[in-house]
Amino acid sequence: MRSDAGRLVPAGLDGRRELIQAAAVLLTALFAAAMCCLIVYTNARSDMYVYRNGVRMLRPGAEFPYCADMAARSAPFFAAAALFMLYKLARYVSYHYQGSRSIYTMRRLPQRLELARRCLSLPLAGCLTSLLLFLALTALFCAVYLAVTPEEWIRPGQWEAVRRMILGR
Amino acid sequence: MLEIKDVTKRFGSKTALNSVSLSLPRGELVGLFGENGAGKTTLMKCILGLMGHSGQITLDGERITRKNIARLSFATCEHSFFPDLSGAGHADFYAAHFPAFRRRRFEVLMDFFSLPLNRAPRSFSTGQKNQFEVVLALSQGADYILMDEPFSGSDVFNREDFYKVLLGILDNGETVLLSTHMLEEVDSFISRAVLLHSGRITGDISMSELEESGESLMDYVKRAWNYRSDRIRRAIDELSGEAGDR
Amino acid sequence: MISFDGLRLEEGRPIYLQIVLHIKRGIVSGAIADGDELPSRRILSALLGVNPNTVQKACRALEEEGLITSHAGARSFAVVTPETIAACRAELVRGGAESWARSARGLGLGLDEALELIREVWDNPKEEEQ
């Protein structure tokens with residue numbers, strides 16, 4: 001595992017460590033996003049009620065938000081993870097200019113894509129994973145939403161809302 | 001044969017190389033001399049494909065591409081090794097990427113220079129870094145070894161060791177292009193001297209020709225650069241003239 | 001194996017000639033005997049820090065004078081006979097005399113003065129600095 005991971009990062013960096021770091025960032029983002037979803041949901045639920053004269057009752061005309069909109073609130077965490085991956089990309093490239101100019105060696109290798117592979121692999125995979133985790137969390141959240149939310153609160157058009165979130169319109 | 005034909009390289013308004021042509025047959029040890037900014041580094045980087053240029057550079061008639069680039073190696077005073085990769089790690093990397101990597105030679109040279117195989121070069125002294133850089137260039141298995149002031153910062157004993165090891169270790173077919181300021185140090189080591197001045201070739205002579213003419217390399221270089229040996233006397237005259245006026 | 005330890009290369013004179021002279025001096029002093037092997041071109045070039053072409057030139061010159069002979073496998077051996085020793089000695093001594101005469105003349109000495117000087121120092125030679 002170590003030697004394989006070593007081939008995906010600039011020569012001299014610890015591939016395993018870079019992998020673990022990337023995984024840690026993604027997992028942190030996932031955890032924070034999940035917490036965010038939880039908080040958003042519970043707040044939304046309590047927002048459905050008002051207190052009148054000490055009695056809890058449904059707010060008239062209250063609409064329970066779409067699951068997609070709630071899940072979208074966790075997007076910034078995954079965006080931050082993706083930004084971290086871009087930062088790693090910049091670091092990997094600049095690594096070849098620090099302490100020496102190992103960029104010269106990389107650029108004269110018979111293997112044309114070696115430099116790209118070592119700089120892009122982890123950051124690209126990280127960004128992709130971040131996106132996939134976001135979609136997975138969204139799916140999971142929506143499944144839970146549909147399971148625990150009272151039927152009468154679930155508005156029609158949930159799928160359209162999901163599509164809107166993903167496509168941006 | 002490494003053929004450089006009519007190579008020109010401009011950086012904005014500055015012309016670093018101006019129509020440079022040069023032929024390097026196998027087996028020669030060529031000294032490339034020139035003042036700072038003459039274009040020595042630029043020429044080497046053009047040969048290695050590290051920068052674009054006009055004109056043609058061919059290796060045995062073929063353009064230099066990924067298919068034959070392993071026949072060229074590079075040692076530079078800027079150092080091109082991986083600072084955090086151990087010596088042994090470098091050997092593995094080179095073996096994986098350069099099919100002709102000479103592992104035995106690498107081990108012999110590392111041992112000769114007492115360079116540790118299990119430490120990363122970031123922790124080496126300047127002299128050791130220079131040595132390591134040259135060891136890599138020599139072990140790659142290249143036919144043409146380009147060295148750009150590889151000894152800058154090394155002490156004189158280091159440098160003498162280098163030249164002797166180089167002479168002992170090179171095959172007949174291995175060619176070295178060495179750019180350096182230290183004319184007198186290398187004049188017995190090289191077989192040919194090429195002079196670069198402001199991006200142009202101003203001299204190209206074999207050492208045996210030079211020997212026959214009775215001129216020293218230093219004198220030849222001075223002549224080619226129109227070095228005015230009387231300029232010091234003139235400067236002193238001018239200065240003492242000033243002093244006389246006061 | 002013929003040793004080159006004692007050879008210090010000087011500026012100003014062609015290196016291949018210095019190598020040739022080293023061999024001749026060795027022959028004259030007896031340090032080099034008939035059949036002694038020369039180091040290979042590559043080793044000699046590395047030992048002296050000198051381009052292999054220069055070593056090649058020296059070897060060619062020595063071969064032409066019949067002082068070394070090359071066998072197959074790029075190994076060379078000294079050829080030392082009483083004749084070659086005498087010839088080398090004569091050449092070295094004459095060469096020394098020629099350069100001394102040149103510098104003496106350059107300093108303005110006439111022939112008689114020069115001979116007188118030689119007679120003087122012949123009997124009272126200073127210790128040669130090692």
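Which residue in the turn of the hairpin formed by strand 1 and strand 2 of chain B has a positive phi? I began with this point and found Gly12(B), with a phi of about 65 degrees, in a hairpin that has two residues between its strands.

Before going further I noted that this is a predicted model, in which local features need pLDDT of at least 70 and side-chain atom pairs count only at pLDDT 80 or more, while totals for chains, interfaces and linings use all residues. Residues are numbered from 1 along each chain as its sequence is written, and chains are lettered from A and ligands numbered from 1 in the order in which they are written.

**Strands of chain B**

I took helices (H or I, at least four residues) and strands (E, at least two) as DSSP runs numbered from the N terminus, and I counted two strands as paired if DSSP finds at least two bridges between them. Strand 1 (residues 2–11) pairs with strand 2 (residues 14–24) of chain B in the antiparallel sense over seven bridges, and there I saw Glu3(B) with Ser23(B) as its bridge partner. Strand 1 of chain B also runs antiparallel to strand 4 of chain B, to which five bridges join it, and Ile4(B) stands opposite Ile57(B) of strand 4.

Most residues other than glycine have a negative phi.

**Helix 1 of chain C**

I checked the length of helix 1 (residues 15–29) of chain C, whose 15 residues should span 21 Å at 1.5 Å a residue, and its end C-alpha atoms are 21 Å apart, which agrees; the expected span is 1.5 Å times one less than the number of residues. Its buried residues include Ile15(C), Tyr16(C) and Ile19(C). Helix 1 of chain C is followed by Gly30(C), whose phi is positive, near 90 degrees.

**Chains A and B**

Lastly I looked up contacts (C-beta atoms, placed from the backbone, within 7 Å), and found 15 residues of chain A in contact with 20 residues of chain B.

Key. Contact = placed C-beta atoms within 7 Å. Buried ≥ 20, exposed ≤ 12 C-beta atoms within 10 Å, placed from the backbone.
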